[in-house]
Amino acid sequence: MSELNELYQETILEHNKNPRNFRKIEDADKTALGNNPLCGDALQVYLKMDGDTVADVAFKGSGCAISKASASMMTQAVKGKTREEADKLFDEFHRMVTGDLDIETDENHLGSLRAFAGVLEFPARVKCASLSWHTLTAALHDSGEASTE
Ligand code: ZN
């Protein structure tokens, strides 16, 4: 299990160092700001929609390694997905980091997002890991802003 945790840590550190889709989408259809005042994480998510499908997704901002890596992996996970699929994935992610979903035994579509299962043990980090997802949801559903408070 500790080896597994190390592998997950490497994934998170690598995404923090080289975040994917770390840019602004100039002609974004939807955008939202996310804030996690507890840690100081702040990011903006940009979406380009094709009907109900996420054609492109990107983010900008600053924050801790967990929040940045989570945003990076979130963009990879939801690109090409419908709004409904993205909502479902966030639900699974949220249940994983709050302990309601066991990645070993419960059916899920989390894939590499499983790297964040370990934050369950660090309650303050759950907000860091969830921030980009809350922000994505705010953008997808046109509520404009998301806060973990
Ligand atoms: Zn953070």
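Predicted model: local features only at pLDDT ≥ 70, side-chain atom pairs only at ≥ 80, totals over all residues.
Phenylalanine 93 belongs to helix 3 and tryptophan 133 to helix 4, so the pair ties together parts that are 40 residues apart in sequence. The count of aromatic pairs comes to four. Another of these involves phenylalanine 90 and tryptophan 133, whose ring centres are 5.9 Å apart; because the planes lie at 10°, below the 30 degrees under which a pair counts as stacked, this pair is stacked. Phenylalanine 90 is located in helix 3 and tryptophan 133 in helix 4, so parts 43 residues apart in sequence are tied together by the pair. Phenylalanine 90 has a relative accessible area of 12% and is therefore buried, while tryptophan 133 is buried at 0% relative accessibility. A single aromatic cluster is formed by Phe90, Phe93, Phe116 and Trp133.

Helix 4 comprises residues 123-140, 18 residues in total, and reaches 26 Å from its first C-alpha to its last, close to the 26 Å expected at 1.5 Å a residue. A bend of about 45° occurs in helix 4 at serine 130. Serine 130 is itself among the buried residues of helix 4, which also include Val126, Cys128, Ala129, Leu131, Ser132, Trp133, Thr135 and Leu136. Towards the end of the list stand Ala138, Ala139 and Leu140, likewise buried. The packing partners of the buried residues in helix 4 are strand 1, strand 2 (41-50), strand 3 (53-62), helix 2 (65-78), helix 3 (83-98) and strand 4 (145-147). Just after helix 4, a positive phi of about 60° is found at aspartate 142.

The protein donors of the zinc ion are Cys39 (SG), Asp41 (OD), Asp41 (OD), Cys64 (SG) and Cys128 (SG), at 2.2 to 2.7 Å from the ion. The spacing of the donor residues in sequence is C-x1-D-x22-C-x63-C.

Leucine 38 is situated in the loop between strand 1 and strand 2. Its relative accessible area of 62% is over the 50% that marks a residue as exposed, so leucine 38 is classed as exposed. The C-alpha atoms of leucine 38 and arginine 125 are separated by 9.7 Å, although the two residues are 87 residues apart along the chain.

Asparagine 21 occupies the loop between helix 1 (2-17) and strand 1 (30-36). This residue has a relative accessible area of 17%, under the 20% limit for burial, and asparagine 21 is therefore buried. The side chain of asparagine 21 makes a polar contact of 2.9 Å with the side chain of threonine 75. When residues up to four places away in sequence are not counted, asparagine 21 touches Val57, Ala58, Phe59, Thr75, Gln76 and Lys79.

Definitions and conventions. Residues numbered from 1 in each chain as written. Heavy atoms only, no water. Helix = DSSP H or I, 4+ residues; strand = E, 2+ residues; numbered from the N terminus. Buried < 20%, exposed > 50% of the residue type's maximum accessible area, 1.4 Å probe, protein only. Polar contact = N/O pair within 3.5 Å; in protein donor to acceptor, adjacent residues only side chain to side chain. Contact = heavy atoms within 4.5 Å. Expected span 1.5 Å × (residues − 1). Bend = angle between axes of the 7 residues up to and from the residue. Donors = N, O, S within 2.8 Å, 3.2 Å for Na, K, Ca; no water. Phe/Tyr/Trp six-rings, centres within 6.5 Å; stacked < 30°, edge-to-face > 60°.
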